[in-house]
Amino acid sequence: MNQVIDVLQSHRSIRRFRPDPLPDGLLEEIVRAGQQAPTSSNLQAYRILRITEPGLRSQLADWAGAQEYVRLAPEFLVFCADLRRAQRICQRQETPFVAGMTEHFLIATIDAALCAQNCVVAAESEGLGVCYIGAVRNHPEEISEALALPEQVYPIFGLCLGYPDQDVERKPRLPLRAVLQENRYSEAEDAELLAQYDQQMQQYYQHRSDHQKDSRWTQEVAAHVGREARPHMAGFLRRRGFLQR
Ligand SMILES: Cc1cc2nc3c(=O)[nH]c(=O)nc-3n(C[C@H](O)[C@H](O)[C@H](O)COP(=O)(O)O)c2cc1C
C-alpha cells in the first residue's frame with residue numbers, strides 16, 4: 001500500500017483535541033486540497049465558514065446537541081451547499097436562474113461533501129484528527145440566521161479539526177463483499193455477511209476504550225431508521241429555496 005491509502009484506512013473520528021492551534025497556513029493548505037476535489041460541471045457550489053468567534057462557536061455547540069468538541073476543537077468549519085453564487089452570477093448577467101431543482105440541490109450537496117472529505121484526508125495526512133458534525137442540522141434555521149446564510153444556501157455539516165488528545169480504535173466497516181458487487185444488486189449473501197459483521201461490531205462495542213456497550217450493528221441501524229430523522233429538514237430546505245421540483 002502507499003501512504004495515502006494508509007491514511008485513508010487509518011481514519012477514526014476524533015472527539016477530544018489538544019488545545020494547540022494549527023500551524024500558520026495549514027488550514028488554508030487543507031482547504032486548498034479540499035477545493036481540488038472533483039466538482040460537478042466545475043460549479044464549486046459550496047462555501048465553508050470558519051468559526052472563530054468564541055461566542056458563536058459556543059452557540060453552535062449548544063445547537064448541535066451540546067457536543068463539547070464543537071466548542072473545544074481548535075478549528076470548526078461549517079460546510080454549506082451554495083447555489084447563491086450561481087444565482088447572483090445569473091442576476092448580474094441578466095440570465096434566468098432556475099431555482100428549486102432537486103438535481104441542483106444534489107450537485108451542491110455532493111460538491112460540498114467531496115470538498116470536505118478531501119479536507120479530511122489532507123488534515124489526517126498532517127496528523128490532525130477530525131469529526132464531522134451532522135448535528136448542525138438540529139437547528140438549521142437558527143444556525144442559518146447566526147451565520148447570515150442567504151437563500152439558496154444551507155449548512156450541511158460541521159467539521160472539528162485539531163491534534164488528537166485521544167487514541168481511539170478504528171471502527172470496523174462492513175465486509176467488502178457487502179458493498180462491492182459485480183454488475184447486479186444482490187442481497188443473497190446479506191444475512192451471512194451481516195451476522196459476521198454484527199459479531200465483529202459487538203466485540204468492538206464491548207472492548208473499545210470509550211462508550212462501551214453491548215449492541216449489534218443491525219440493532220443500531222434499526223434504531224436509527226426506526227424513528228423520524230430531523231423531520232424539520234424538508235420544510236427548512238424548501239424555505240431556503242431548495243427541492244421545489
Ligand atoms: C455527515 C456526517 C455527520 C456526522 N455527525 C456527527 C456528529 O454530529 N457527532 C459526532 O460525534 N459524530 C458525527 N459523525 C461521525 C460518525 O459518527 C462516524 O464517522 C461514524 O460513526 C464512523 O466512525 P469513524 O469515523 O470513527 O470511523 C458524522 C459523520 C458524518 C459522515
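Modeller: First, a term: a residue is buried if 20 or more other C-beta atoms lie within 10 Å of its own, exposed if 12 or fewer, and partly exposed in between, with C-beta atoms placed from the backbone. Helices (H or I, at least four residues) and strands (E, at least two) are DSSP runs, numbered from the N terminus. The model is predicted: local features need pLDDT of at least 70, side-chain atom pairs count only at pLDDT 80 or more, and totals for chains, interfaces and linings use all residues. Residues are numbered from 1 along each chain as its sequence is written.

Colleague: OK, strand β2. Which residues point which way?

Modeller: Glu-75, Leu-77, Phe-79 and Ala-81 point one way, and Phe-76, Val-78, Cys-80 and Asp-82 the other way. All are buried.

Colleague: Why is β2 (residues 75-82) largely enclosed?

Modeller: Eight of its eight residues are buried, so the rest of the structure largely encloses β2.

Colleague: And which way does β2 pair with β1 and with β4?

Modeller: Antiparallel with β1 (residues 46-50), over five bridges. Antiparallel with β4 (residues 153-162) too, over eight bridges. Strands pair if DSSP finds at least two bridges between them. Arg-47 has Cys-80 of β2 as its bridge partner. Asp-82 has Val-153 of β4.

Colleague: Switching to Ala-116. Where is it found?

Modeller: In helix α6 (residues 102-125). Ala-116 counts as buried because it has 23 C-beta neighbours inside 10 Å.

Colleague: What does Ala-116 touch?

Modeller: Gly-34, Phe-79 and Leu-159, leaving out residues up to four places away in sequence. Contact means C-beta atoms, placed from the backbone, within 7 Å.

Colleague: Now α3. Which residues are buried there?

Modeller: Leu-60, Ala-61 and Trp-63, in α3 (residues 54-63). Down the axis of α3, these buried residues fall within an arc of 165°, so they line one face of the helix. That arc is of the directions from the helix axis to the C-beta atoms.

Colleague: What do they pack against?

Modeller: α4 (68-72) and α7 (140-146). The face turned away from the buried side carries exposed Pro-54 and Gly-55. After α3 comes Gly-65, with a positive phi near 75°.

Colleague: Last one, the ligand. Which strand gives the largest share of the shell?

Modeller: Strand β3 (residues 129-133), with three residues. Residues around the ligand include His-11, Arg-12, Cys-131 and Lys-171. Near here means a C-beta atom, placed from the backbone, within 6 Å of the molecule.

Methods: Two residues are in contact if their C-beta atoms, placed from the backbone, lie within 7 Å.
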